[in-house]
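Student: Hi! I've just opened this one and would like a guided look. Can you walk me through it?
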Amino acid sequence: MRFPKNKRRTQARAFRFTERALTSLPPPDGNPVEWSDASTTGLRFVQSTNGKCRWLFRYTLGGRKCSMALGPYPAVNLADARKKTLEAQARVANGEDPSHEVEKRKADISLADFVDTHFIPHQKAAKRSWQDDVQAMRRRILPLVGRLRMRDISRHDVARV
């Protein structure tokens with residue numbers, strides 16, 4: 001699919017997604033661009049200004065507009081994005097919110113996993129003394145409650161620490 005330079009943004013942002021068409025999309029000019037798949041309702045392809053692309057599923061549930069991330073492109077290919085969209089559409093048709101399952105999975109990690117994947121990278125980016133915080137966390141907190149799942153940590157566990 002070719003876009004003339006003078007008509008890039010005036011064209012409709014909905015077309016039938018193919019791998020070839022997605023790779024030939026023009027780069028965004030200053031703002032992120034969202035493209036809609038004409039064959040799969042709710043499937044969106046988002047191009048950010050830094051060149052990264054991702055898949056989204058947009059839906060309405062209970063009168064509320066919602067969206068759910070399906071993954072980055074090209075790590076998640078077109079066929080997988082369509083499959084995930086159809087599964088999510090079935091959940092929406094049953095009255096369920098498909099994004100809540102993703103939130104449940106995120107809350108199902110242990111405190112030690114959370115520290116490794118989220119806390120330490122944040123501390124490295126935000127503080128010069130991040131090593132002191134990580135050392136204190138590993139010495140004092142993780143031995144006591146590190147094996148517990150995030151959703152299972154109670155006030156009693158916090159008081160014990």
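Tutor: Happy to! This is a predicted model. Let's begin with Trp55, which counts as buried because its relative accessibility is 1%, and buried means under 20%.

Student: Okay, and what about Tyr73, buried or exposed?
Tutor: Tyr73 has 15% relative accessibility, so it counts as buried.

Student: How many aromatic pairs does a search of the whole structure find?
Tutor: The search turns up eight aromatic pairs. One of them joins Trp55 and Tyr73 in an edge-to-face arrangement, with 5.8 Å centre to centre and 80° between the planes.

Student: Where in the chain do those two sit?
Tutor: Trp55 belongs to strand S4 (residues 53–61) and Tyr73 to strand S5 (residues 64–73). They are 18 residues apart, and the pair links distant parts of the chain.

Student: Which aromatic pair is stacked?
Tutor: Phe57 and Tyr59 form a stacked pair, 5.1 Å centre to centre with 15° between the planes. Both Phe57 and Tyr59 are buried.

Student: Which residues do ring pairs link into a cluster?
Tutor: The cluster consists of Phe15, Phe17, Trp35, Phe45, Trp55 and Tyr73, linked by ring pairs.

Student: Switching to helices: how do H4 and H5 cross?
Tutor: Two packed helices are described by the angle between their axes and the distance between the axes. For H4 (residues 111–126) and H5 (residues 130–145), the axes come within 11 Å and cross at roughly 165°.

Student: What does that angle say about their directions?
Tutor: Angles over 145 degrees count as roughly antiparallel, and H4 and H5 are therefore roughly antiparallel to each other. Their crossing is right-handed.

Student: Which residues make the contact?
Tutor: From H4 you have Leu111, Ala112, Val115, Asp116, Phe119, Ile120, Gln123 and Lys124. H5 brings Trp130, Asp133, Val134, Met137, Arg138, Ile141, Leu142 and Val145.

Student: And by class, what does the contact of H4 with H5 have?
Tutor: It has eleven nonpolar residues, one polar and four charged.

Student: One last thing: where is the place of Ser110?
Tutor: Look in the loop between helix H3 (98–107) and H4 for Ser110. Ser110 counts as buried because its relative accessibility is 8%.

Student: What is Ser110 in contact with, leaving aside neighbours within four places in sequence?
Tutor: With those left aside, Ser110 is in contact with Gly146, Arg147, Leu148, Arg149 and Met150.

Technical notes. Residues are numbered from 1 along each chain as its sequence is written. This is a predicted model: local features need pLDDT of at least 70, side-chain atom pairs count only at pLDDT 80 or more; totals for chains, interfaces and linings use all residues. Side-chain values use heavy atoms; hydrogens and water are left out. Axes are lines fitted to C-alpha atoms, for helices over the stretch in contact, and angles run from 0 to 180 degrees between N-to-C directions. Helices (H or I, at least four residues) and strands (E, at least two) are DSSP runs, numbered from the N terminus. Angles under 35 degrees count as roughly parallel, over 145 as roughly antiparallel, 65 to 115 as roughly perpendicular and the rest as oblique. A crossing is left-handed if the near helix is turned anticlockwise from the far one by less than a right angle, and right-handed if clockwise. Contact means heavy atoms within 4.5 Å. Ala, Val, Leu, Ile, Met, Phe, Trp, Tyr, Cys and Pro count as nonpolar, Asp, Glu, Lys and Arg as charged, and the others, Gly among them, as polar. Rings of Phe, Tyr and Trp (its six-membered ring) pair if their centres lie within 6.5 Å; planes under 30 degrees apart count as stacked, over 60 as edge-to-face and the rest as tilted. Buried means under 20% relative accessible area, exposed over 50%, partly exposed in between (1.4 Å probe, protein chains only).
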